[in-house]
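Q: Here's a structure to go through together. Shall we take the labels one at a time and ask what backs them up?

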Amino acid sequence: STETTWERPSSVPGTPKSPLVNSPSVLTVNGYYISGTPVHQLDSGHMSLRKASGDPQTPGSPAAPRRQSKESSLTINCVTFPHPDIMPEQQLLKPSEWSYCDYFWADKKDSQGNNTVSGFEILLQKQLKGKQMQKEMAEFVRERIKIEEEYAKNLSKLSQNSLAAQEEGTLGEAWAQLKKSLADEAEVHLKFSSKLQSEVEKPLLNFRENFKKDMKKCDHHIADLRKQLASRYAAVEKARKALTERQKDLEMKTQQLEVKLSNKTEEEIKKARRKSTQAGDDLMRCVDLYNQAQSKWFEEMVTTTLELERLEVERVEMIRQHLCQYTQLRHETDMFNQSTVELVDQLLRKVDPAKDRELWVKEHKTGDIRPVDMEI
């Protein structure tokens with residue numbers, strides 16, 4: 001039989017150029033499928049492609065590669081995997097971390113338990129959900145901007161109110177400054193809302209603007225590879241059945257000739273043998289094509305999952321940075337707001353009732369002669 005093997009990449013960890021052994025396994029002529037194990041009986045959603053060693057919550061370490069045999073592989077949805085009972089430890093691309101590229105090869109049942117979702121589709125849904133969360137965060141900031149703008153508008157309007165405008169003296173000065181501080185505070189909040197829009201909301205909306213379009217292209221590419229893989233697998237099954245029939249026909253004719261129950265000539269036996277040999281060659285060719293398709297799918301899955309992982313890290317870091325910018329602007333707003341009332345505090349500390357009374361009396365006095373007692 002022929003068998004395709006993959007070597008562990010020797011480049012920088014996490015950026016493989018070629019697939020690994022056992023993830024998934026190759027399909028061999030004499031061992032590409034375990035008979036009597038229907039696909040629907042395999043709980044692929046919860047099946048681990050490697051045996052847990054020790055702590056199941058810790059990513060596995062690489063194990064020595066093994067060649068696939070008839071007893072060491074199983075097939076799930078037209079993809080061959082190492083049998084978990086045979087392979088004590090699955091070899092991982094990034095054994096030191098929980099990377100996308102190691103844990104999403106099998107399919108998983110949906111929430112209703114009726115249909116299955118591919119591992120790649122789960123990752124894609126994760127990315128689309130992250131994009132939606134990013135959009136909702138931008139909407140949240142937009143609402144905060146509206147509140148700030150409305151608040152600034154109301155503060156400015158209140159600062160122009162004429163209530164208590166007739167207050168005099170040092171208290172009147174403090175009161176006038178307090179009203180002016182509202183106008184200054186309104187300006188601070190207006191600037192805060194403007195910076196929120198330019199430095200937080202807009203970047204959140206613009207980041208990876210074509211993300212959904214790019215993900216659709218990626219999804220279609222992987223889906224096409226899976227369809228090709230399924231087609232190649234069907235061809236292998238067809239070729240296997242053809243070979244079985246040719247072998248049975250050859251065996252039957254040979255037996256009939258040996259017991260002289262038929263007038264089959266030696267030429268007919270040779271013809272049946274040639275057909276059997278041709279069927280075997282066709283099977284090997286189909287297996288080789290299947291292995292090539294599976295290898296291509298594997299490489300694209302590794303490359304794409306690592307890219308999705310990179311994009312997710314980039315998304316989280318981008319949001320973190322802009323939320324930090326939000327808190328920084330918020331701190332600055334508090335600082336500027338505090339500065340608007342500092343002069344008010346200074347004037348309030350200078351309020352002097354005695355001085356106000358003196359000034360008021362001097363301005364409004366009617367006379368400084370006191371009445372005297374009337375004499376008889």
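This is a predicted model: local features need pLDDT of at least 70, side-chain atom pairs count only at pLDDT 80 or more; totals for chains, interfaces and linings use all residues.

Q: Why is Ala164 called partly exposed?

A: Its relative accessibility is 44%. Buried would need under 20% and exposed over 50%, so Ala164 falls in between and counts as partly exposed.

Q: And what makes the phi of Ala164 worth a remark?

A: Most residues other than glycine have a negative phi. Ala164 is not a glycine, yet has a positive phi of about 60°.

Q: Which value does phi take in Cys78, and where is Cys78 found?

A: Phi of Cys78 is near 70°, again a positive value in a residue other than glycine. Cys78 is in the loop between strand S1 (73-76) and strand S2 (79-82).

Q: Back to the helices: why are H1 and H2 called roughly antiparallel?

A: They pack at an angle of about 165°, with their axes 8 Å apart. Angles over 145 degrees count as roughly antiparallel, so H1 is roughly antiparallel to H2. As for handedness, H1 passes H2 in a left-handed crossing. The contact of H1 with H2 has 17 nonpolar, six polar and seven charged residues.

Q: Now Ile222: which helix holds Ile222, and how do you know whether Ile222 is buried or exposed?

A: Ile222 is found in helix H3 (residues 211-258). Its relative accessible area is 4%. Buried means under 20%, so Ile222 is buried.

Q: What does Ile222 touch, leaving aside residues up to four places away in sequence?

A: Phe120, Trp297, Glu300, Met301 and Thr304. To say that Ile222 touches them, heavy atoms have to be within 4.5 Å.

Q: How far apart are Ile222 and Phe120 in sequence and in space?

A: They are 102 residues apart in sequence and 8.2 Å apart in space, going C-alpha to C-alpha.

Technical notes. Residues are numbered from 1 along each chain as its sequence is written. Side-chain values use heavy atoms; hydrogens and water are left out. Helices (H or I, at least four residues) and strands (E, at least two) are DSSP runs, numbered from the N terminus. Buried means under 20% relative accessible area, exposed over 50%, partly exposed in between (1.4 Å probe, protein chains only). Axes are lines fitted to C-alpha atoms, for helices over the stretch in contact, and angles run from 0 to 180 degrees between N-to-C directions. Angles under 35 degrees count as roughly parallel, over 145 as roughly antiparallel, 65 to 115 as roughly perpendicular and the rest as oblique. A crossing is left-handed if the near helix is turned anticlockwise from the far one by less than a right angle, and right-handed if clockwise. Ala, Val, Leu, Ile, Met, Phe, Trp, Tyr, Cys and Pro count as nonpolar, Asp, Glu, Lys and Arg as charged, and the others, Gly among them, as polar.
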